[in-house]
Structures are given as C-alpha cells and as structure tokens.
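Thanks for coming, everyone. Please bring the structure up on your screens, and we will walk through it together.

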Amino acid sequence: MTHLRSNLLALFILFPFWIAAQTADSPYATSLSSIPAKDVGIYIEDLRTGDVILDVNGEKLFTPASVTKLVTTSTALNTSKPNARFTTDVVAQGDIKDGVLHGNIIIKACGDPTIESKHFPSNKGFVEKAVAGVKALGISEITGTVVAKYRKEYEQPTPAGWMSEDLIHPYGTEFHAVNFMDNVISASPAGRTTPETPGITIKKSGRNRRERGSTVVELAGAMQIANPNPESTLCRAIQLSLEKNGIKVGDKEVNAASSQKTVYSHKSPTMIEIITSLMYRSDNLMAEGMLRATAPGKTRDQATRQELDLWSKNGIDISGIVIEDGSGLSRNNKISPYFLAEVLDWMRVHKNANNQYVNIFPVAGRSGTMRGFLKGTKLEGKLVAKTGSMRNVQCYAGFKLDDNGQPSHLVILMLNNFQDRAKLKRALEKLLLDKLT
C-alpha cells in the first residue's frame, strides 16, 4: 500500500476538499461543512493500480465505533480455524448411587457468546439436552445443585470507555464466562424477570439505569434489559427443567468426589458463522466473545494487547492505536484510516480464499447494517463494508468490488463530531459515487 504522507501533498488533497465542503453547490456542503477538518478521515485506494484516490487525515486517530469489529474478526480469523467451535461441557460431578448424584451438575463455561441465541435457532436446546443427559445416567436426585465453573479471567469489569447509559440496554450487555439467550431478559419494576434470574435486584425508579458492575437495576417501566447475571439465569433454567422432569435438586453446592461424567457437550456454530452473523448485525456481545476467543483464558486487556501485537508482526504500524474492547462500544478506542486500510489489505491478500473474507461484510443496499446505504445507486451490491455508528460517530471500512466480486478498491470513511447523521450519510453516498463510479 502507498500512503501520501508528505505534508505538502496532504495539504494539496485536503485543501480543495475542504473548500468544496464550504461551497453551496458542492455535494458535500449539506454535511461536511459543519464538521471541523480534523474530524474527517477518508482513505480510498485503487488496489489494481496502487493509486490513492483520496487521502484526508489518513494518519489521524478517530473514534471508530463498531468498525472495531472489523479488527476483532480479522484477528479471530488469524488465530482460529474458520470451522472451530466453542465447546461447553456439562458434567455430573460426584458419585452416583441408587439414582442419587452425591454432588453437583457443573457447567464448564468457556465464554461461548451463542448459547440459546435467537440468531442461531438451529443451535438451540442447551437446557433440554443437558437435562436429557442427566436422565440418561438414571439420576433421580441431586444432593447439590447446578453451578458454573470457569477461569476468573473471563469475568472483568465493563471497559472504562463504555458509557454508563448503555449498560441497561440489550446492545450494551457485558461479556461473561456464561452467556445465555444473548444476555437479554425481560424485567419489570415489580421485580419479575423472564426468564427467572436469581441474584438481580430491581428497584422501581423514575429512570432506567444500572451502575457499572452492579446487579441492581433501576426501572421506570417493564422492558428488555441487558442481563447482568446470565450465569444465574442458565443455572436456574436447568434446575427448573430437572425438577419438571421429576429430578430433585438441592439448593446449594456440596463437596463431592472428583469423579465426573459428561452429560452433555455443547458445540457452538463455527467461528466463520458467528463472525459473519455478528458483522452483518453488528452484535456487540458476540464481538466481545470473538475477542476473547483470540486469547482463550486471558483477560480482555491481554487479548487486546495480543491483537495489536499480531498486526505489528504482520508489518502494520500500530503507533498510537488504542483498542479497549472487541465491539467498539468504548469511546476510548482510537483507530486511523491507515490502520484499517492496512488490516483490510493484509486480509485481502492472505485470507480471502474463495472470497471467504469479503463475504463476512454487509453489502451496500442489500444486507445487514449496509442495507439502506447506497440503495438504488450504481454502487448497490458493489460495496461491502463494516459500519460504525454511535453519537457523533459514523464510519465505514471495506471494499469496492469489481464485476467478478473481487476487491478493487479500499474504502475507509471515518467521521466524528457531526450534527446531522442523515445529511452526512447522503453526502458520503455522493462522495463515493463521485470517486468510484
């Protein structure tokens, strides 16, 4: 890749672009004229010739929002095989005598973000299959209870850059060692939760809020919320199902013999299936799961450091890059257009056999978060990109495709601190149509 790093050349590119943004008849005037020049980052390169079509602040750091998922999934595709799966074992621990398990049912959690996810309906049935496995061992009573076991590194405080206002909402759910039903439950100010989730305190309030790291939820009315204790939800669901099937279950963990028998071994969808799904829908929980899958059993900070080390070893400049999470919810993340372009280009060359990498991206005008962008234009179906949006942030990073579906151009757009998102997106559509058609 060739970058235009000369100050003189950069000024030559930026100045007419910025002047155009101030011109009344410019296609950019409706939006970019209200954005400071320092908050516009654009990099477009023709991969066939190496020509840089447009470079505006390509070296600067921007808040990337969900474009961070592009880095997360690219890292995952470098550290795991596409057909790899999470495995969650459920075991009966202890001795079984005369139909009595003198011990506990243990869920050996590994951070699988997909257990009972509505986005993978064919992979459901975790609770039912675990209970069927217990019945198959002839167990009619469990002296202990249902518990989850996992490495403590999986349970960490919410990243510092996540906004407190996000934590109550389903999109702001935290990653846990045990994730269940997308970590979403229904709750009411009266204290009811569906599914039943012990360990959560609900308080009637004039606002909807949950403090960082807390299991106390304030609610003004019934709503779906991010579940701060999915481990409790899953354990309770299995316990209730066991009792419904006539198996008596105790209410606390007991000391038991170390002998174990597997009652159910749950396999997640493949990594490439999870990655494609999360990229199309911009799923925050699954992105956090993919980040942790790149560094099994390690902390989030260790995973992000390992992630940046990978790209540095691949010859990409990581100077100044800050990545605090896998999803992009953190406003502390700082990424440049150059860095994204380098990652995309490396993946295009090294990991795009049979278009596998290109196919994980939403398609302009047709699918996922790109469904409405460039619809009905000459670029519909011709641009694939990961989007990133949060308050005052709008980003796109991906490829323009040629007539054979192969990447022909790198396209990076990073905008911060704007006022009108709808106008901005229309202006960006005009820019892309002008430069790429």
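In which strand is the place of I53? I53 sits in strand β2, residues 52-56. A quick word on names: helices (H or I, at least four residues) and strands (E, at least two) are DSSP runs, numbered from the N terminus.

Some ground rules. This is a predicted model, where local features need pLDDT of at least 70 and side-chain atom pairs count only at pLDDT 80 or more, while totals for chains, interfaces and linings use all residues. Residues are numbered from 1 along each chain as its sequence is written, and side-chain values use heavy atoms, with hydrogens and water left out.

Back to I53. Its relative accessible area is 30%, so I53 is partly exposed. The cut-offs: buried means under 20% relative accessible area, exposed means over 50%, and partly exposed is in between, with a 1.4 Å probe and protein chains only. I53 touches I44, E45, D46, H409 and K435, not counting residues up to four places away in sequence. Contact here means heavy atoms within 4.5 Å. Y43 is ten residues from I53 along the chain, and their C-alpha atoms are separated by 7.7 Å.

Next, T88. You will find T88 in strand β3, residues 87-97. Is T88 buried or exposed? T88 is buried, because its relative accessibility is 2%. Setting aside neighbours within four places in sequence, T88 has contacts that include I107, C110, F126 and H266.

F126 takes us to a helix pair. Helix α3 covers residues 126-136, and helix α4 covers residues 230-244. Their axes come within 9 Å and cross at roughly 50 degrees. That angle makes α3 oblique to α4. Axes are lines fitted to C-alpha atoms, for helices over the stretch in contact, and angles run from 0 to 180 degrees between N-to-C directions. Under 35 degrees counts as roughly parallel, over 145 as roughly antiparallel, 65 to 115 as roughly perpendicular, and the rest as oblique.

The crossing of α3 past α4 is right-handed. Handedness works like this: left-handed if the near helix is turned anticlockwise from the far one by less than a right angle, right-handed if clockwise. From α3, the contact uses F126, V127, V131 and V134; from α4, L234, A237, I238, S241 and L242. By class, that gives eight nonpolar residues, one polar and no charged. Nonpolar means Ala, Val, Leu, Ile, Met, Phe, Trp, Tyr, Cys and Pro; charged means Asp, Glu, Lys and Arg; the others, Gly among them, are polar.

Now a second pair, α2 and α8. Helix α8 runs over residues 337-350. α2 and α8 pack at an angle of about 35 degrees, with axes 11 Å apart. Here the crossing is left-handed. α2 brings L70, V71, S74, L77 and N78, and α8 brings F339, L340, V343, L344, W346 and M347. The classes are nine nonpolar, two polar and no charged.

What does α5 pack against? Helix α5 spans residues 271-281, and its buried residues include M271, I272 and L278. The buried residues of α5 pack against α2 (68-79), α6 (284-293) and β15 (383-390).

On to cysteines. C235 counts as buried because its relative accessibility is 9%.

Last, some backbone details. Most residues other than glycine have a negative phi, and most peptide bonds are trans. Which two residues does a cis peptide bond join? T194 and P195, with omega about -5 degrees. P195 is in the loop between β8 (193-194) and β9 (201-204).

Then two positive phi values. A65 has phi near 55 degrees, and A65 lies in the loop between β2 and α2. At 0% relative accessibility, A65 is buried. N354 also has phi near 55 degrees, and N354 lies in the loop between α8 and β15. N354 is exposed, with a relative accessible area of 77%. Just after α5, S282 has a positive phi of about 60 degrees.

That is my tour. Thank you.
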